[in-house]
Amino acid sequence: MRTPPAKSREGFSVSGETLQVYFLGTAGALPTTQRNPPCILIRHGSDTLLFDCGEGAQQQMMRARCGFGVNAVFVTHWHADHFLGIFGLVQTMSFNGRTDPLRIYGPEWVCEFVSIVKTVARFNLKFPLEAVELRDGSWVRFDGYTITAFAVSHGIPALGYILEEDPRPGRFNREQAVALGVPPGPLFGRLQRGETIRIGDKEEGREVRPGQVMGPARHGRKIVYTGDTRAIHSRIMDIAQEADLLIHDATYDESEADHGAEFYHTTARQAGEAASALHARTLVLIHTSSRYPDAQAHLNDAKSAFAGPVVAPYDLDMIEVPFRD
Ligand SMILES: [Zn+2]
Ligand SMILES: [Zn+2]
């Protein structure tokens, strides 16, 4: 929602930005002594975004030492395990003197929800709290990346979210640049940023274009968070291909596969099948039902359907997402 800074080129991400995913809450509908309700914090460069904000999220943010400098909150749906933490978080932000607006994005009913937060905020909200309703295919632009919403199957209006970086410039061919007469130094940087440069003096000079020294554009990174959803369906197949990190509902293990369809959730094996069909790089299992003391059966189930790495994070685990190349 902001204009890019001067250093980033239109349509390209600034390479080398940090991309970290903190799992602040990994439980299903009921918290346990070990797991909080769902809350995922993503750090992209200097941006901090929350995806869902379950009860107790602000204390998890303290434990993870993430601070409260949140730029936006994306809620997947209006089951209480996904939003109760917002009340406490905005109160703390107010106490801490926040004045920047905070946008809450979510599906249908987000406006009613934000209006309720304002109504009960008798602690005197010190900053603007704004609601933005998203639908299947809605997108929100940030500096160097886009968040896109997609519809999932959860029995009520519910969205998953995709964070996708802009393509990165191709690799710089240093030898080629030198062969074209470009002296090493600041001109290299200008070519890498997509500028056409001029070398030589005014009469004898000539242009060198980025296309002469840069390889083809490379993919940015992509994170998909399904939120709560029934197993693999056509919309996610359309939109969520080739994620570097697929964070998927895995409420049940295979022994309770019947519950998955009945209660609009997914089993770990079905999450593995989705990761396989979507050609995901790494699968993350989340929203583990409180009935399971650990996630070992989930990991085994998912691995039986997906050959790539599978992670079942505990609260406060962090995954750093590298570039593919
Ligand atoms: Zn849930
Ligand atoms: Zn739900």
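Trainee: Which protein donors hold the zinc ion (ligand 2)?
Mentor: His77 through NE2, His79 through ND1, His154 through NE2 and Asp228 through OD. They lie 2.1 to 2.4 Å from the zinc ion (ligand 2). Bear in mind that this is a predicted model.

Trainee: What about the angles there?
Mentor: The 4 donor atoms around the zinc ion (ligand 2) subtend 90 to 168 degrees. That makes the arrangement irregular.

Trainee: Why irregular, and not tetrahedral?
Mentor: Four donors count as tetrahedral if all angles lie between 85 and 135 degrees. Here the angles run from 90 to 168 degrees, so the arrangement is irregular.

Trainee: How are the donor residues of that ion spaced in sequence?
Mentor: The pattern is H-x1-H-x74-H-x73-D. His79 sits in the loop between E4 and H2, and Asp228 in the loop between E12 and H7, so this pair ties together parts 149 residues apart in sequence.

Trainee: What does Asp228 bridge?
Mentor: The zinc ion (ligand 1) and the zinc ion (ligand 2). The two ions are 3.5 Å apart, and Asp228 coordinates both.

Trainee: Then which donors does the zinc ion (ligand 1) have?
Mentor: Asp81 (OD), His82 (NE2), Asp228 (OD) and His287 (NE2). These lie 2.1 to 2.2 Å from the zinc ion (ligand 1).

Trainee: And the site of the zinc ion (ligand 1), what are its angles?
Mentor: They span 87 to 168 degrees among the 4 donor atoms, and the site is irregular. Along the chain, the donors follow D-H-x145-D-x58-H. His82 is in the loop between strand E4 (72-74) and helix H2 (85-95), while Asp228 is in the loop between strand E12 (222-225) and helix H7 (234-239), so that pair ties together parts 146 residues apart in sequence.

Trainee: Is His82 buried or exposed?
Mentor: Buried, with a relative accessible area of 0%.

Trainee: On to H2. Which of its residues are buried?
Mentor: Gly85, Ile86, Leu89, Val90, Thr92, Met93 and Ser94.

Trainee: What do those buried residues pack against?
Mentor: Several strands: E3 (47-53), E4, E5 (102-106) and E6 (129-133). Helices H1 (57-63) and H3 (110-120) are also on the list.

Trainee: What comes just after H2?
Mentor: Gly97, which takes a positive phi of about 85 degrees.

Trainee: New topic. Where is Asp166?
Mentor: Asp166 is in the loop between strand E9 (159-165) and helix H4 (174-179). Asp166 is buried, with a relative accessible area of 9%.

Trainee: Which side chain does Asp166 join in a polar contact?
Mentor: That of Arg141, at 2.6 Å.

Trainee: Last one, Val213. Where does that lie?
Mentor: In helix H6, residues 210-213. Val213 is buried, with a relative accessible area of 1%.

Trainee: What does Val213 touch?
Mentor: Leaving out residues up to four places away in sequence, Val213 touches Arg171, Phe172, Asn173, Gln176, Ala177, Leu180, Leu191 and Val208.

Trainee: And how many residues apart are Val213 and Glu195?
Mentor: They are 18 residues apart in sequence. In space, C-alpha to C-alpha, Val213 and Glu195 are 11 Å apart.

Methods
Residues are numbered from 1 along each chain as its sequence is written. Chains are lettered from A and ligands numbered from 1 in the order in which they are written. This is a predicted model: local features need pLDDT of at least 70, side-chain atom pairs count only at pLDDT 80 or more; totals for chains, interfaces and linings use all residues. Side-chain values use heavy atoms; hydrogens and water are left out. Helices (H or I, at least four residues) and strands (E, at least two) are DSSP runs, numbered from the N terminus. Buried means under 20% relative accessible area, exposed over 50%, partly exposed in between (1.4 Å probe, protein chains only). Contact means heavy atoms within 4.5 Å. Donors are N, O and S atoms within 2.8 Å of the metal (3.2 Å for Na, K and Ca); water is not among the atoms, so sites may look incomplete. Four donors count as tetrahedral if all angles lie between 85 and 135 degrees; four count as square planar and six as octahedral if opposite donors are over 155 degrees apart and all others between 65 and 115; anything else is irregular. A polar contact is a pair of N or O atoms within 3.5 Å; within protein, one must be able to donate a hydrogen and the other to accept it, and residues adjacent in sequence count only if both atoms are side-chain atoms.
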